[in-house]
Amino acid sequence: GALLVSERIDREELCGALSPCSLSFEIVVENPLELYSGSVEIQDINDNDPVFPTSQARLDISESVAAGARFPLESAQDPDVGINSLQTYQLSANPHFALDVQTRVDGSKYAELVLEKELDREEQRELHLVLTALDGGSPPRSAHMQIHIDVVDANDNAPVFNQSTYKASVRENMPSGTLVARISAYDLDDGLNGDIVYSFSSHTPAKVRELFALDSATGELRVKGQLDYEEMKLYEIYLQAKDKGVVPGVAHCKVLVEVMDVNDNAPELTVTSVYSPVPEDAAPGTVIALLSVTDLDSHDNGLILVQVSDVNDNVPKSSQDSYDVYVLENNIPGIPILNVSATDPDLGRNAHLSYTLLQGDPTVGHLFSINRENGTLYLLTSLDHEDQVEFSMTVRVQDGGSPPLATNVSVSVFVTDFNDNAPTVLYPHPNTNATYTDVVAPGTPAGHMVTKVVAVDADAGYNAWISYTLLQATDSSLFSVGLHSGEIFTARQLREDDSPQHTLVILLKDHGEPVLSASATVSISVAEVVKEVLTDLTDVAPANDLKRHVTFYLILAVILVSAAFFITMLSVGIFKCYKWRQSKELFNSSRSTLYRTPGPFHHIDAVRGGFTPPNFYHQVYLTTDSRQSDFLCKKPFTSSPLGSRQSTMRNGEPGLYHQIVGTASRLPIPAE
């Protein structure tokens, strides 16, 4: 017997605005048969929003409407009933209107706008308000309508000029139609109430109306007749502006027009004779006539001008006696580098200056050129700081007078360095197939200088500052290189288990921007006695280097060492001969049939100096008892700055040394 809802119930669809809303029904019960009647009341819920007939309302209200005027508004509809129906209206905040909500007999609500503050179109042309309708539900539902109010204009504003007085000037010979001034007024009203017409004021003289014309629409004041400065120098013109309202508003202004003089009158010369005829014996200085000159024009137009012709009596003067210009090398050819500025107070051709480059140095003419008219100095080619650092030239500034006057300006162009040269390795020389091997003895302590990398950089200053770093090594813990000296030292004491051959790659970098670099490969041999590490000197060709003076110093050092060695050997030979002569008598008295065995070989190894390989080899052969003992001095190696290969070098021990060999005497010597 449960009564269920079989579908969604909509009270507004069933009953509309009727309240209360009820549905009747009957129930039949069988066994025994009985009939029951019943009704269901459909209660309203707030499920509908208030709705305005339109989303926007437009009102036209004149600005002349007095406060208190009422303007009814469209009402909103809400199909709900009771407390859920439309209950009130709200209006957005504004300074001019208030909202009055009224109730009809049937209980529905409607709203009216009430003007509380008068409107002013010139202050605000339109207003935008929002009307909100609210029902009584919880929470309340609402609807909104935009109210657009156009403020209709009333002719309550007179035209206003943007200036009360206008000033203008015009030359007296200006043709008809020339614009003199443009006046402008504005009116805050709209429509015909804001349309402005310009005209002459009623008290404007007829003469002014004949000379000037005024455009009634644009306010342009133009020349109409022929102006004459000598007749009238200043015109005071009164103008007015009216709107087109029923009762037009009027504004007034004044235009002051100054007539400017032009030289339109020729001088008038009057000669009055005072003394005529003039006797032949009249004294010098006797007044014979009076001259009177008049000109109707004013100021400079009324003077008698005497022109003074110019004489070329001023030498062109430069703003500077000399210029120093700094140009970065590897520049773009054809760029301007300097503008030589000069002035001449003379006039005409006497002040016309021309600029020329004096050809003192023929090189300058090929590298630089100057614009003859404006003195702009151009660089025609790219300069190289390493080729030439400074250029000096003279610019001649000459006027066009006859005879011409001129002045000379000295210009010095300095070529600043750009880091465009990488470091160049001098030792060990990179452009050769020979291998430079430096030798260090086993057990050498730490800090011992083994050799030195020698390099130069053709740039200047900071760009030429070379730093040396060890890039690669057979044993990186064994050797180190001086950062700025290039000297290679032992980083620790050499041990017996160290490799006998070491190859070091030294990275050389300058300090320019960008950084340029080079590398040098150094071979170092660890050996007690140098045997197979010397370079085959014959294959070493002289380095065709720009730094030839370094090679010269190396050759000079070799020659000096050779000379010292030769003198030393000669002294030893003389000393041995002297000793041999002293012992001759003793040897002759003690001859026997037994021969003395030859004495042992004596080796004196010279110390290798610097990084230059040894290049001298001398032998002295002496006997203990013979007048025919041989003294042999072999020549130094002179085929190159570092020496040449000799057959004795291949068979003998390397190094710079002396060898004295004692041989058996040709005469019998008793055995000891």
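## Cysteine burial

Cys-253 has a relative accessible area of 4% in this predicted model. Cys-253 therefore counts as buried, the limit being under 20%. Cys-577, at 39% relative accessibility, is classed as partly exposed, since that class lies between the 20% limit for buried and the 50% limit for exposed.

Two further cysteines fall below the burial limit. Cys-15 is buried with a relative accessible area of 17%, and Cys-21 is buried with a value of 2%.

## The disulfide

How many disulfides does a search of the whole structure find? The search returns one, formed by Cys-15 and Cys-21. Their sulfur atoms are 1.6 Å apart, and the cut-off for a disulfide is a sulfur pair within 2.5 Å. The torsion about the S-S bond of Cys-15 and Cys-21 is about 60°, so this disulfide is right-handed.

## Nonpolar surface patch

A nonpolar patch on the surface is formed by Leu-3, Val-5, Ile-9, Leu-14, Leu-23 and Val-40. Together these residues have about 530 Å² of accessible area.

One of the patch residues, Leu-23, lies in strand S1, which spans residues 21-29. With a relative accessible area of 36%, Leu-23 is partly exposed.

## Annotated transmembrane region

An unreviewed UniProt entry places the feature "transmembrane region" at residues 552-575. In the model, residues 552-575 are 100% helix and 0% strand.

Technical notes. Residues are numbered from 1 along each chain as its sequence is written. This is a predicted model: local features need pLDDT of at least 70, side-chain atom pairs count only at pLDDT 80 or more; totals for chains, interfaces and linings use all residues. Side-chain values use heavy atoms; hydrogens and water are left out. UniProt positions are given in the numbering used here, feature names are shortened, and annotations may be inferred rather than shown by experiment. Helices (H or I, at least four residues) and strands (E, at least two) are DSSP runs, numbered from the N terminus. Buried means under 20% relative accessible area, exposed over 50%, partly exposed in between (1.4 Å probe, protein chains only). Patches are made of residues with over 30% relative accessible area and no salt bridge: like charges are joined within 9 Å, nonpolar side chains (Val, Leu, Ile, Met, Phe, Trp, Tyr) within 5 Å. Accessible areas come from the Shrake-Rupley method with a 1.4 Å probe; for residues, only the protein chains shown count as cover. A salt bridge is a side-chain nitrogen of Lys or Arg within 4 Å of a carboxyl oxygen of Asp or Glu.
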